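Subject: Structure handover

Hello,

Here is the structure for your files. My notes on helix packing follow below it.

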Amino acid sequence: MENSLITIVLPIYNVEKYLNRCIESIVTQTYSNLEIILVDDGSIDNSPVICDDWVNKDDRIRVIHKQNEGAGIARNTGLQNASGEYICFFDSDDYIEKNTIEKLYNEITKNNAQVVICGFSKVDNNGNVFKEIIPPKDKLLYSNDEILNEFLPDLIAPEIAGNNRFYMSLWLFMYSMKTIKDIDWKFVSERDIFSEDVYSLLELFAHIKTVAVLPEALYYYCNNNASLSKSYIPDRYKKIKNFYLETVKLSEHLNYSQKIISRLSKPYLGYVLAALKQEVVCDRKFFEIRKTIKEIIDDTVLQTVLKKHKRDKVNLAKKVIYFAIRNKLYTLCFLLLKAKSSN
């Protein structure tokens with residue numbers, strides 16, 4: 001039964017190579033009662049034309065052309081124009097299984113849940129699936145304190161590295177529009193908070209009382225990003241540190257437990273390693289690279305987090321790198337990260 005209108009929001013920016021694939025996977029869904037909102041965020045490639053073409057092909061599709069403000073604000077634009085009973089936010093360079101909406105809808109309505117989460121597949125540049133993260137089947141419904149004590153900590157990061165049960169990304173969820181409207185939830189801009197997914201979902205889950213889990217990989221996350229050396233961001237660590245401090249501040253404001261707050265160190269440290277890897281492969285002189293690595297490693301926030309980090313919960317490779325960072329062994333850090341980046 002397709003009793004509910006479901007809104008799909010796609011923020012779009014310069015994705016002409018992948019956009020048709022994404023929209024095609026949505027318009028051919030087995031669940032057809034859809035409202036599809038394409039938010040063209042000031043694209044300067046052929047994406048706006050592709051959006052307009054799809055409007056002429058399918059009357060369920062609307063397009064909003066706007067100036068570039070980032071994905072977070074683009075999602076908010078879609079949200080403000082949504083009229084569905086449920087809503088999904090997908091990335092326009094990814095795609096979904098043919099029955100994704102039907103399955104998510106069945107789970108969220110069957111359980112009278114406010115949100116439902118599924119798993120996903122990681123796809124390489126050649127279209128091959130190289131990894132799946134699928135929620136376990138042992139618990140398919142979380143409510144009240146179970147969300148704060150079990151689900152949300154595991155959503156942020158697993159206790160043991162590599163033992164992912166969930167993945168904290170907004171595109172894996174279907175959401176109740178009633179809940180969103182009741183709390184006036186909006187996305188933070190990634191220009192204000194690095195990794196806006198985590199921050200925005202932390203705000204949302206303070207109000208969620210029922211979460212349904214669908215243990216299937218229905219979403220295809222595509223590895224379309226440029227290489228680290230081509231996407232160098234000079235102040236990346238500054239943004240990462242701000243993300244950590246702001247998410248801790250938000251969690252304290254929301255009266256989240258220390259268990260939840262402590263888990264925030266894991267995405268923070270993961271982002272730090274990514275920033276350090278970016279440094280060692282960037283096209284800069286060695287003394288400049290070493291200077292930036294030293295500044296990052298010497299940072300008091302990073303050193304404080306590492307001292308509190310449980311060393312028995314990470315794999316051997318990370319233990320060695322964390323040891324080198326904690327003891328400020330700059331050259332060893334450079335060599336370890338260089339070797340890891342070349343793998």
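At roughly what angle do the axes of helix α1 and helix α2 cross? Keep in mind that this is a predicted model. Helix α1 spans residues 19-27 and helix α2 residues 47-57; their axes cross at roughly 25 degrees and come within 10 Å. Angles under 35 degrees count as roughly parallel, so α1 is roughly parallel to α2. The crossing in which α1 passes α2 is right-handed.

On the α1 side, the contact is made by Leu 19, Asn 20, Ile 23, Glu 24 and Val 27. On the α2 side, Ser 47, Ile 50, Cys 51 and Trp 54 take part. Sorted by class, this contact of α1 with α2 has six nonpolar residues, two polar and one charged.

Which residues of α1 are buried? They are Leu 19, Cys 22, Ile 23, Ser 25, Ile 26 and Val 27. The cover over these buried residues includes α2 and the elements β1 (6-12), β2 (34-41), β3 (61-66) and β5 (95-96).

From α10, the contact is made by Leu 269, Leu 273 and Leu 276; from α13, by Lys 318, Ile 321, Tyr 322 and Ile 325. By class, the contact of α10 with α13 has six nonpolar residues, one charged and no polar.

Regards

Definitions and conventions:
Residues are numbered from 1 along each chain as its sequence is written. This is a predicted model: local features need pLDDT of at least 70, side-chain atom pairs count only at pLDDT 80 or more; totals for chains, interfaces and linings use all residues. Side-chain values use heavy atoms; hydrogens and water are left out. Axes are lines fitted to C-alpha atoms, for helices over the stretch in contact, and angles run from 0 to 180 degrees between N-to-C directions. Helices (H or I, at least four residues) and strands (E, at least two) are DSSP runs, numbered from the N terminus. Angles under 35 degrees count as roughly parallel, over 145 as roughly antiparallel, 65 to 115 as roughly perpendicular and the rest as oblique. A crossing is left-handed if the near helix is turned anticlockwise from the far one by less than a right angle, and right-handed if clockwise. Contact means heavy atoms within 4.5 Å. Ala, Val, Leu, Ile, Met, Phe, Trp, Tyr, Cys and Pro count as nonpolar, Asp, Glu, Lys and Arg as charged, and the others, Gly among them, as polar. Buried means under 20% relative accessible area, exposed over 50%, partly exposed in between (1.4 Å probe, protein chains only).
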